[in-house]
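Subject: Structure handover

Hello,

I am passing a structure on to you. Please look through it before reading the notes below.

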Amino acid sequence: MHCPASRRRAGRSSLELADIFREHAGRLPALSDPRARVVRDITACRTAALGGHLHECDTCGHVLASYNSCRNRHCPKCQHLEQARWVEAQRDALLPTEYHHVVFTVPDVLHPIFLADPKPAYKLLFAAAAETLREVALRPKNLGAKIGFSVILHTWTQKLLYHPHLHCIVTGGGLDPDGTRWVATKPRFLFSVRVLATVFRGKLLQKLERALREGVIRSDDRPLLRKAAQKKWVVYSKPPFGGPERVLKYLGRYTHCVAISNSRLVSLEKGQVTFRWRDRAHGNQTKLLRVDAGEFIRRFLLHVLPKGFMRIRHYGLLANPLKRKLIPLCRQLLGGMAAYTDQTTATPPLETWQQLLQRLTGEDVTLCPKCRKGHLVIKQDLPAYQPPSPVSSRARSP
């Protein structure tokens, strides 16, 4: 995938994360390979370092260079198309029912354990949250049914501080144990958050204790588990969505976002980065925060995921091995949505990424930015070159 280098979205800051990396990443100590790769990819993204093409407008002759994208999942410039593709793929699993948003949060006392060995810790976090939702839903006094839910890992706050938590999009009902009846939740209510928090706390602490004891997580912070057990854990549930389409739009915002977008960056001056953040404690007011550039980069790199780790997972009715069979059954029992699914169109054969983006978003990236009538066509390939790396790396992840 490539994109004309001179184009910028309306309202987006001219400052980019790559600019901060180019100027200040060299100040950092040697990074683990995954983090060094993120810095190198974002710095090279849509520059001559990755090669590209020379385009010419077929109407006015305007010439424009475009450079290839890095496609790193942590890059703020490379998630738009992947997000659109993913959202479209989720249409096949939509149900005509309420959907609820549940958030499971890891208390800060456990953060050192997660930072010490993120991959197994995140895996246990997913498992604890999934087991909690499944078991609470199956209790007869709650719902007595098998639900479906998608889970998305985020690890940041608006200030880029470390804050691992899971966003869960949960069906407002499920299949009864016999698979013959749809059991709906009470209107605008899923489960008691107090019950969810209690069950979640027990499951995650039990899993972490075993992982620390058996050496699955490389940390000597087992005393932190006792401190965490004495704390009140936070699980909260937001009001249900207004329908399947709103679920899709919401998922699109959450699934492929990165720790900070370029649009939130305000300035880089005298080694200080200023960026916007939303203060949720005061009515989501937009405020400015200024931090040292080295500290800014350190915070951003806290949120680099372990190599190959899946941050979006599906469970229950939405689990990949089951949904082809269970989703049609659920729709039949719910008595709706056949017309909705018939309206979805199959992906055209041999569709280019430009055609896909236009079909999904309405944006024609081939339209000439000068005359706004002609279209850009490739005239020449531009070879890649390898500039010096902005960072040094070490083999083992921290």
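What follows is a list of findings, grouped by topic. Please keep in mind that this is a predicted model.

Aromatic rings

The structure holds eight aromatic pairs. One of them is formed by Phe-149 and Tyr-315, whose ring centres are 5.3 Å apart with the planes at 20°, so this pair is stacked. The planes would have to be under 30 degrees apart for that label. Phe-149 and Tyr-315 are both buried.

Phe-200 and Trp-233 make another pair, with ring centres 5.6 Å apart and planes at 75°, so this one is edge-to-face. The label applies to planes over 60 degrees apart. This pair, too, links distant parts of the chain: Phe-200 is in helix α6 (residues 193-214), while Trp-233 is in the loop between α7 (223-229) and β10 (235-238), 33 residues apart. Phe-200 is buried, as is Trp-233.

There is also a cluster, in which ring pairs link Phe-114, Tyr-122, Phe-126 and Phe-309. Phe-309 has a charged neighbour as well: the charged end of Arg-313 sits over the ring of Phe-309, at 4.7 Å from the ring centre.

The hairpin of β12 and β13

Strands β12 (residues 272-279) and β13 (residues 285-292) run antiparallel and are joined by eight bridges. The two strands form a hairpin with five residues between them. In the turn, Gly-283 has a positive phi of about 65°. Trp-277 stands opposite Lys-287 in β13. A lysine also lies over the face of Trp-277: this is Lys-159, at 4.4 Å from the ring centre.

The cavity

How many cavities of 30 Å³ or more are there? The count comes to one. The volume of the largest cavity is about 130 Å³. Its lining includes Trp-86, Gln-90, Ala-93, Leu-94, Tyr-99 and Ser-150. Ile-169, Val-247, Leu-251, His-314, Leu-318 and Lys-323 also line the largest cavity. The elements that give two or more residues to this lining are α3 (80-90) and α8.

A buried asparagine

Asn-262 is located in the loop between α8 (244-255) and β11 (265-269). Is Asn-262 buried or exposed? Its relative accessible area is 5%, so Asn-262 is buried; the cut-off for buried is under 20%. A polar atom of the Asn-262 side chain lies 2.8 Å from the backbone nitrogen of Leu-17.

Two arginines with positive phi

Most residues other than glycine have a negative phi. Arg-188 has a phi near 60°, a positive value in a residue that is not glycine. Arg-188 is found in the loop between β9 (182-184) and α6. With a relative accessible area of 56%, Arg-188 is exposed.

Arg-372 likewise has a positive phi, of about 60°, although it is not a glycine. Its place is the loop between α12 (353-361) and β15. The relative accessible area of Arg-372 is 52%, so Arg-372 counts as exposed; the cut-off for exposed is over 50%.

Distances between residues

Two C-alpha separations can be looked up in the model. Ser-392 lies in the loop between β15 (376-382) and β16 (393-394), and at 44% relative accessibility Ser-392 counts as partly exposed. Ser-392 and Ser-32 are 360 residues apart along the chain, and their C-alpha atoms are separated by 8.8 Å.

Val-235 lies in strand β10 and, at 7% relative accessibility, counts as buried. The C-alpha atoms of Val-235 and Val-377 are separated by 52 Å, with the two residues 142 apart along the chain.

Regards

Technical notes
Residues numbered from 1 in each chain as written. Predicted model: local features only at pLDDT ≥ 70, side-chain atom pairs only at ≥ 80, totals over all residues. Heavy atoms only, no water. Phe/Tyr/Trp six-rings, centres within 6.5 Å; stacked < 30°, edge-to-face > 60°. Buried < 20%, exposed > 50% of the residue type's maximum accessible area, 1.4 Å probe, protein only. Helix = DSSP H or I, 4+ residues; strand = E, 2+ residues; numbered from the N terminus. Lys NZ or Arg CZ within 6 Å of the ring centre and 35° of its normal. Polar contact = N/O pair within 3.5 Å; in protein donor to acceptor, adjacent residues only side chain to side chain. Pairing = 2+ DSSP bridges. 1 Å grid on protein atoms, 1.4 Å probe; cavity = no way out; pocket = protein on both sides within 12 Å on 5 of 7 lines; lining within 4 Å. Points joined across faces, edges and corners; volume = space filled by probe spheres on them.
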